[in-house]
Structure formats: C-alpha cells, structure tokens
Amino acid sequence: MKEYKLYINGEWVETKTGQIVDDLNPADGSLFARVHTAGEKEIEAALAGAAGAFMGWSSLPASRRERVLLQAADNLEAIQEEAIEILIEEAGSTFMKAKGEVSQSANTLRIAAGECRRVEGEVLQPTSTGQLSLSIRVPLGVVAAIAPFNFPINITMKKIAYAMAIGNTIVLKPASYTPATGYLVAKIFEMAGLPAGVLNVIPGPGKVVGDRLVEDPRVKCITFTGSSSVGRSIAAKAAKNLKKYAMELGGKNPLIVLKDFDASKAAEIAGYGAFYNQGQTCIATARIIVEDPLYDAVCEQMIKRAKGIKVGDPHEKDTVVGPLIHPSQCDFIDGQIKDAVSKGAKVLYGG
C-alpha cells in the first residue's frame with residue numbers, strides 16, 4: 001500500500017498527530033493510498049521553513065529560479081505515467097483528462113519560468129530638482145495555496161509557480177480528496193533541486209490546516225480555489241489581518257445559443273462543456289439558453305450526443321465520463337434532478 005508523507009523544509013516527514021487517513025479511489029471506493037496529515041506541529045514547521053527560506057530564495061538571480069521551474073517541468077513529463085495514475089486513481093480523472101492535465105501543468109511551469117525575468121519597475125518623473133524616483137516590485141513573502149480536487153495538479157501549479165518565480169515561498173494545502181497530488185508536486189520540485197523550505201506540502205482538514213494558514217501573520221497572501229462559501233470565510237479572515245488574497249470560486253456559466261446557429265454544433269460545444277471531468281469544473285456549461293426556434297433541435301442533438309458518451313472505467317482511453325469525486329456529490333446531483341422535475345422539468349435522457 002502506498003503511503004504519502006508530508007514535505008516540510010526539504011524533508012519527507014511522518015505526522016506527529018498519528019492521523020494517517022485513507023485515500024479512496026472514487027470509482028470503486030477501494031483504498032488507493034494512505035496519507036499523513038498535518039497537525040499544529042507540522043503546520044508550524046512548514047510556516048517556519050517557508051519564512052526562513054524567503055530571503056535566500058528571493059535574493060537568487062532570476063536565472064536560478066528559472067532553471068528550477070524549467071527542470072520541474074521536465075521532471076513532471078518524465079514521471080508522466082505516475083502522475084496520470086494518481087489523477088485517475090485518486091481524483092477519478094479519465095485517462096484523456098489526466099494526460100491533458102499533466103501536459104498543461106508542465107506548460108504552466110515553463111510559462112512561469114519565463115516570468116522570472118519579467119519583474120519590472122519604472123522610473124518616475126521627478127517632482128523636485130535632483131530627485132530620482134523609482135518604482136520596484138518585490139515578492140510578498142510566504143504564500144499559502146489551498147488547492148481544489150478537480151484539477152489538482154494544474155491549478156496547484158498556477159497557484160505556486162508564478163508566486164515562486166518572483167521569489168515567494170509556499171505552503172501548499174492540497175484538497176482533502178486529492179492529497180497525493182501534493183506529494184507529486186513536491187517530488188518534481190525536490191528532483192529539480194529546489195532549496196529547502198521554498199515549498200512545503202501539508203495535507204489536512206481545512207478547519208485545522210486552512211484556518212491556521214489564513215490567520216498566521218507570516219502568511220502574506222492566500223490563494224484559494226473552491227466553493228463560494230469557503231471563499232467568503234477566507235476573505236473575511238484575511239481582511240482582518242489586511243492580507244492579500246486571490247479567489248477562484250463557483251460559477252454558473254450560461255451558454256447562449258442563437259436561432260441561426262447549427263444545432264449539432266451547439267450540442268457538441270454544450271456537451272463538451274457540461275460533461276468534461278464529470279461536470280466538475282467551474283467553467284462548465286451549467287446553463288444552456290437556447291432561442292425558441294432552435295430549442296427542439298438542440299434538445300434532440302443533446303440526447304443523441306449524451307447517448308454516445310461512454311461512462312465507465314477512467315483507465316480506459318475512450319471513457320468520457322468517469323466517477324464523481326465522492327458519493328455525497330451523487331446525492332446532491334440526484335436532489336437537483338428531483339427538484340427540477342418537481343418544478344416542471346422533463347428528463348429526456350438519464351436521470
């Protein structure tokens with residue numbers, strides 16, 4: 001059985017809490033791995049490590065930080081098969097989604113590497129004789145990254161790679177449903193020669209790890225992707241301490257189909273947006289608004305498309321829809337369908 005440890009200050013450490021949680025495969029409920037979770041001692045060690053590494057990392061030449069990020073991208077591609085397997089077994093990603101996410105993540109790292117050399121300032125016009133005024137940009141310090149389960153590697157990279165590129169250090173809390181992806185992120189950076197303390201990975205409950213990261217004064221910025229309710233709570237706590245924060249929260253995105261559009265193409269676009277990653281994405285086509293003259297034709301094409309979608313084992317390369325992340329999500333969606341039917345909706349396919 002695989003067992004994933006915490007990554008703190010450049011070392012793989014066992015939890016002192018004694019809490020090693022089961023990491024379940026959402027496709028069949030089987031045990032995928034066991035993961036060490038962080039308590040107060042581990043959180044403090046991670047924060048101290050990140051704070052201690054900041055001066056050294058931020059003072060490195062841009063070319064050195066660039067080299068680490070580029071090497072991390074190469075490392076991720078080198079262990080692509082392991083990364084894909086973790087995404088399938090832990091996150092329920094289909095094979096094609098997992099492969100695409102790994103590729104996108106490596107690309108994100110290379111784009112971030114390019115940003116190392118683009119931290120620019122400006123010379124300001126003087127207001128007095130003999131005055132020289134400069135505007136410079138400097139890193140904040142410790143950044144806390146709280147990642148989601150749906151694209152756990154790529155969204156994590158977007159949170160940490162750019163912050164690291166300009167000299168910040170990181171404490172990463174992976175999503176509770178996908179903690180092993182945090183291990184993978186730490187592994188590729190360790191292989192790249194990242195100095196100790198620049199990246200720390202501490203899985204654990206939001207009420208324990210997340211709250212402490214948001215409230216600790218050493219953390220200068222919080223980046224979070226997840227539900228709007230949790231985002232509101234984080235923003236309120238951060239505001240008390242005048243911390244910066246970046247939120248990517250829930251959305252209900254409308255796709256508008258006008259009457260002169262092709263019904264088959266509309267169904268193709270809508271179907272991809274609705275069913276990709278089982279609909280577990282904040283940019284899903286959650287609402288499809290069709291002008292009346294095209295409505296029936298789009299419905300017919302949507303039924304046809306839905307019937308052609310393969311639902312099943314995410315390992316199989318032609319599977320389009322795999323498992324939802326947790327049984328509670330099945331109950332939630334079932335409740336939404338029943339609520340819609342009670343208000344007059346008709347189930348044309350599925351249910």
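Modeller: I136 sits in the loop that connects β7 (133-135) with β8 (142-146), where strands are DSSP runs of E with at least two residues, numbered from the N terminus. This is a predicted model, in which local features need pLDDT of at least 70 and side-chain atom pairs count only at pLDDT 80 or more, whereas totals for chains, interfaces and linings use all residues. Residues are numbered from 1 along each chain as its sequence is written, and side-chain values use heavy atoms, with hydrogens and water left out.

I136 counts as exposed because its relative accessible area is 67% (exposed means over 50%, buried under 20%, partly exposed in between, with a 1.4 Å probe and protein chains only). Together with V123, L132, L134 and V138, I136 forms a nonpolar surface patch whose accessible area comes to about 580 Å² by the Shrake-Rupley method with a 1.4 Å probe; such a patch joins nonpolar side chains within 5 Å, each residue having over 30% relative accessible area and no salt bridge.

Turning to the sheet, three strands make up an open sheet in the order β1-β5-β4, with mixed pairing. Because β1 (2-4) and β4 (20-24) are at the edges, each with a single partner strand, one side of each has no neighbour in the sheet. On average, neighbouring strands here are turned by 30° against each other, direction ignored. Between β4 and β5 (residues 31-36), which run antiparallel, there are five bridges, and pairing requires at least two found by DSSP. Within this pairing, I20 stands opposite H36 in β5.

Elsewhere, R218 and D216 meet in a salt bridge at 2.9 Å, N to O; R218 is partly exposed at 26%, whereas D216 is buried at 6%. E40, E44 and R212 join R218 and D216 in a network of salt bridges.

Notes: Helix = DSSP H or I, 4+ residues; strand = E, 2+ residues; numbered from the N terminus. Axes fitted to C-alpha atoms, helices over the stretch in contact; angles between N-to-C directions. Patch = residues over 30% accessible without salt bridge, like charges linked within 9 Å, V, L, I, M, F, W, Y side chains within 5 Å. Salt bridge = Lys/Arg side-chain N within 4 Å of Asp/Glu carboxyl O.
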